[in-house]
Amino acid sequence: MDRRRFLAACGLGIGGVAGCLDGSVPGGSENPTDDAPSSPSGTPPDDPPPHEDAMNEPDPDLDVGIENRSDETQTITLTVSRESGEIVYEETHAVEPGSDIDVYNLEEADPDGIEEFAITAERDGQRESATVKTSKCYGNAFVSIAEDGECYVTYSIC
């Protein structure tokens, strides 16, 4: 095999695993997803399902959790607020080492269609936050304390 064909094949292999967790590659609706029917040649079908459908469809069933991967109990104040600033949840939790707990679900805020919510975690003067929407494209959000004690807020998205 010549070098150019080898490098092209490597690029296709790497490109096949790039993108979101749902199997798509960057570029949105021009690329295949797990829901798209596969074609015998391995090329994308002509009409793959667009991500825009999920982005525009309300789904408030999003858990907000805290996971502690450090070896010490961590105290986290978790606040969930609407885009307007209205606080819909605020509690302080002592999270044991190795724990992974769900503490709130955005359905409880009774959102009107697709709404944005800020998830904010405070610990020892450190403040981290992320914004999620109540659409089918967003997955659960969680506050994570890494093994080294670093804290961050993350979520999944299509």
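**Entry 1: the fold**

Helices (H or I, at least four residues) and strands (E, at least two) are DSSP runs, numbered from the N terminus. With that settled, I read along the sequence and found the pattern α-α-β-β-β-β-β-β-β-β. My tally for the chain is two helices and eight strands. Before going on, I noted that this is a predicted model, in which local features need pLDDT of at least 70, side-chain atom pairs count only at pLDDT 80 or more, and totals for chains, interfaces and linings use all residues. Residues are numbered from 1 along each chain as its sequence is written, and side-chain values use heavy atoms, with hydrogens and water left out.

Next I looked up pLDDT, the predictor's confidence in each residue, from 0 to 100. The chain averages 79, and 68% of the residues score at least 70. Which elements have the lowest and the highest mean pLDDT? Helix α1 (residues 3–15) has the lowest, at 39, and strand β3 (residues 87–95) has the highest, at 98. Over residues 1–41 the pLDDT is below 50, and this stretch has 37 contacts in the model beyond near neighbours in sequence. A contact here means heavy atoms within 4.5 Å. I remind myself that where pLDDT is low, the predicted coordinates should not be read in detail.

**Entry 2: inside and outside**

I then turned to burial: buried means under 20% relative accessible area, exposed over 50%, and partly exposed in between (1.4 Å probe, protein chains only). Buried residues make up 34% of the 158 residues in the chain.

**Entry 3: the disulfide**

I searched for disulfides, each a pair of cysteine sulfur atoms within 2.5 Å. The count comes to one. The disulfide joins C137 to C158, with 1.6 Å from S to S. C137 lies in the loop between β6 and β7 (138–145) and C158 in the segment after β8 (151–157), so the pair ties together parts that are 21 residues apart in sequence. Is the disulfide left-handed or right-handed? The torsion about the S-S bond of C137 and C158 is about -95°, so the disulfide is left-handed. C137 is buried at 4% relative accessibility, while C158 is partly exposed at 24%. I looked up C151 too, and that residue is buried at 2%.

**Entry 4: salt bridges**

Side chains of opposite charge can pair when their charged atoms come close. The cut-off for a salt bridge is a side-chain nitrogen of Lys or Arg within 4 Å of a carboxyl oxygen of Asp or Glu. A search of the whole structure gave me seven salt bridges.

One of them brings R69 and D100 together at 3.6 Å, N to O. This pair links distant parts of the chain, 31 residues apart: R69 is in the loop between β1 (63–68) and β2 (74–82), and D100 is in strand β4. R69 is partly exposed at 35%, whereas D100 is exposed at 52%. I also found E67, R69 and D100 linked in a network of salt bridges.

Another salt bridge joins E116 and K133, whose closest N and O atoms are 3.8 Å apart. E116 is in strand β5 and K133 in strand β6, so the pair ties together parts 17 residues apart in sequence. Both ends are partly exposed: E116 has 27% and K133 has 28%.

**Entry 5: two aspartates**

D124 sits in the loop between β5 and β6 (126–133). Its phi is near 50°, a positive value in a residue other than glycine. D124 forms a salt bridge with R123, at 3.8 Å between the closest N and O atoms. Here D124 is exposed at 73%, but R123 is buried at 9%.

D110 has a phi near 50° as well, positive in a residue other than glycine. I located D110 in the loop between β4 (100–105) and β5 (116–123), where D110 is exposed at 62%.

**Entry 6: a nonpolar patch**

M55, Y155 and I157 make a nonpolar surface patch of about 220 Å². M55 belongs to helix α2 (residues 52–55) and is partly exposed at 32%.

Definitions and conventions:
Patches are made of residues with over 30% relative accessible area and no salt bridge: like charges are joined within 9 Å, nonpolar side chains (Val, Leu, Ile, Met, Phe, Trp, Tyr) within 5 Å. Accessible areas come from the Shrake-Rupley method with a 1.4 Å probe; for residues, only the protein chains shown count as cover.
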